[in-house]
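Please look over the sequence and the model before reading on.

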Amino acid sequence: MERKTVRDPIHGFIEFPSDLFETLIDTEIFQRLREIRQLGLSHYVYPGANHTRFEHSLGVAHVVKNMLNNIRKNTEEMVIRYLRFKDLKEYAGEVLDHLDSMKKEIIVAALLHDLGHVALSHVFEVAMKDYIYYIEAKEKSVQTMVSHEHLTLSLLNEMKERLGPIKYAGEEVKLELVEEILKLAYIDKEVDCANDSELNAKVIASQMISSEIDADRGDYILRDYYFSGATAGLYDLDRLYNVIAIVPKRVAQKVFTLGVVEKGISVIENMLLSRVYMYNDVYLHPISIIYSAMATRVLSLILALPDEDLRTLANGYPEFSQIRKIMLHDIPELYESVLNVTDGAFYRILRRIVSFGKELKEGSEISLERPDLFLALYTLAKGILSRRHWSALIMNEYNSRSIVRAIKEDRDRFMYVMKRNLNPFVIFYHSAYEGLSGEVYVFDRSKPHEAVPIQHSPRSVVSRNLKGSLYAKVTIVFPKTMGRIDNLSAWRLKEGKAEGLFEDTFMDKKEVEELLRESFEKALSLAWELQEWSSGRVD
């Protein structure tokens, strides 16, 4: 069987059958991932972080393949032989047999797990909840893109019709099974697979794609660490291959789950800590967050602009309408739009926005229904292209956690607060993650019954502290400070570099000054309301 090998800086040599390259990897829909950076705008802080979703997807498939190559041996030697009940041993063997039979589909699911990413990766998804458009969309019940995972599933249905059969080592890959695994990974996470060894195997396959110890994290933590140049984020992936297994989660109902044997606790906790450090140092870096917020507002304003204004701006630039179609989940034209909306398309529209602003400044007779919205677009585009970020109020960790929890508990109040302070120049941006949100099950051969969550194992060192620990960053981005900032003890100011962005525009200077002052006041008002809301909820 002919194989092809890719040299990768993280995993060494990545090898797959040649027919998988011919029928999937070397197709336009997959190759476009080369044009989408893994970390959105993090390269504005870490210049080396220019790696893409393409090599990450290859890496995830490689990690899944290695997991599958080790999981039977590990389970038979370190789990099954210590189980007390014969029927449970036989059931575990059946689950392993099913995993072996669907190996090619699991690897293809890993390859396709990020297919739905478009320009700027996760930043594009966040734009769908930017309140300059989100509030109107909710009030009008407008259907919008949910997530890149849902977009992946939509594209998978299109691929069945547009591409020929996907082959793996001479055998046809069952795309229906690939779709089922991805749905279990992202949508149907709570399915009951008791006493059903085939469904149990599919659930375990989905856990290899999305869980606390999945192949996705197995690759991106190491890859992002390497390319960002961060000083933390390293863990022993080879050791993970040697301790991963399927372990009994509920013996009475015969349910197995992806887990590790007890000697693997240290490598899992190292992996969990590496992720925490990468969030603190890279993913939630304040400057990266500010540029991400600016980019989300650019994307959401493309939806918020009046149709006639957008038509005038987008003349000769189809990327604008393609972005709209993806954001509005326009199924009939989704596939073609996704092919074109890459990072390159985003930067092309930024340059078009700037050039159109110059046309207006030079005396063009074009009139706009909402010049204020376009001024926001114009100055955001100039700022991103020239790396001159706006100012930001950054909330402290304690109040940020409180607000993130409050938003989940009282969405209506939050929407009311945002609506009161809605302004095209004020951007609310928040990001949060848990140190350990799900469960990692650990099998102890000296106690061969049900595996236990890692935080309950006596050999655990940090999992108890990570479990349920919320890390959050809440940021309000606005053009520039226009006066004193008082009584905002929960916030710190990060001054921007917006000098020159607003001094010479197509609008009257007094109008611009008024818009900037109003946006500054709205930013302070929003910060005050969020601070007051969170003050009684601090952990």
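The angle given for a pair of helices runs from 0 to 180 degrees between their N-to-C directions, and each axis is a line fitted to C-alpha atoms over the stretch in contact. Read that way, α5 and helix α9 (residues 175-186) pack at an angle of about 60°, with their axes 9 Å apart. The model is predicted.

**Helix α5 with helix α9**

- Angles from 65 to 115 degrees count as roughly perpendicular and those under 35 as roughly parallel, so α5 and α9 are oblique to each other.
- The crossing in which α5 passes α9 is right-handed.
- On the α5 side the contact is made by Glu105, Ile106, Val108, Ala109 and Leu112, and on the α9 side by Leu177, Val178, Ile181 and Leu182.
- Sorted by class, this contact of α5 with α9 has eight nonpolar residues, no polar ones and one charged.

**Helix α1 with helix α5**

- Helix α5 (residues 103-112) also meets helix α1 (residues 18-25): their axes come within 13 Å and cross at roughly 45°.
- That angle makes α1 oblique to α5.
- Here too a right-handed crossing is found, with α1 passing α5.
- Leu20, Leu24 and Ile25 of α1 make the contact with Val108, Leu111 and Leu112 of α5.
- The contact of α1 with α5 consists of six nonpolar residues, with no polar and no charged ones.
- Val108 and Leu112 of α5 take part in the contact with α1 and also in the contact with α9.

**Helix α3 with helix α11**

- The axes of helix α3 (residues 53-78) and helix α11 (residues 215-228) lie 8 Å apart, and the two helices pack at an angle of about 130°.
- Angles over 145 degrees count as roughly antiparallel, and the angle of this pair makes α3 oblique to α11.
- α3 and α11 form a right-handed crossing.
- From α3, the residues Glu55, His56, Gly59, Val60, Val63, Val64 and Met67 meet Ala215, Asp216, Asp219, Tyr220 and Arg223 of α11.
- The contact of α3 with α11 divides into six nonpolar, two polar and four charged residues.

- How many cavities of 30 Å³ or more does a search of the whole structure find? The search finds one.
- The largest cavity holds about 60 Å³ of space.
- Its lining is made up of Asp130, Tyr131, Ile132, Arg297, Met418, Asn421, Leu422, Asn423, Val426, Ile427, Phe428 and Leu526.
- At least two residues of this lining come from α7 (131-139), and at least two from β8 (427-434).
- By class, the lining of the largest cavity has eight nonpolar, two polar and two charged residues.

Terms used. Residues numbered from 1 in each chain as written. Predicted model: local features only at pLDDT ≥ 70, side-chain atom pairs only at ≥ 80, totals over all residues. Heavy atoms only, no water. 1 Å grid on protein atoms, 1.4 Å probe; cavity = no way out; pocket = protein on both sides within 12 Å on 5 of 7 lines; lining within 4 Å. Points joined across faces, edges and corners; volume = space filled by probe spheres on them. Helix = DSSP H or I, 4+ residues; strand = E, 2+ residues; numbered from the N terminus. Nonpolar A, V, L, I, M, F, W, Y, C, P; charged D, E, K, R; others polar. Left-handed = near helix turned anticlockwise from the far one by under 90°. Contact = heavy atoms within 4.5 Å.
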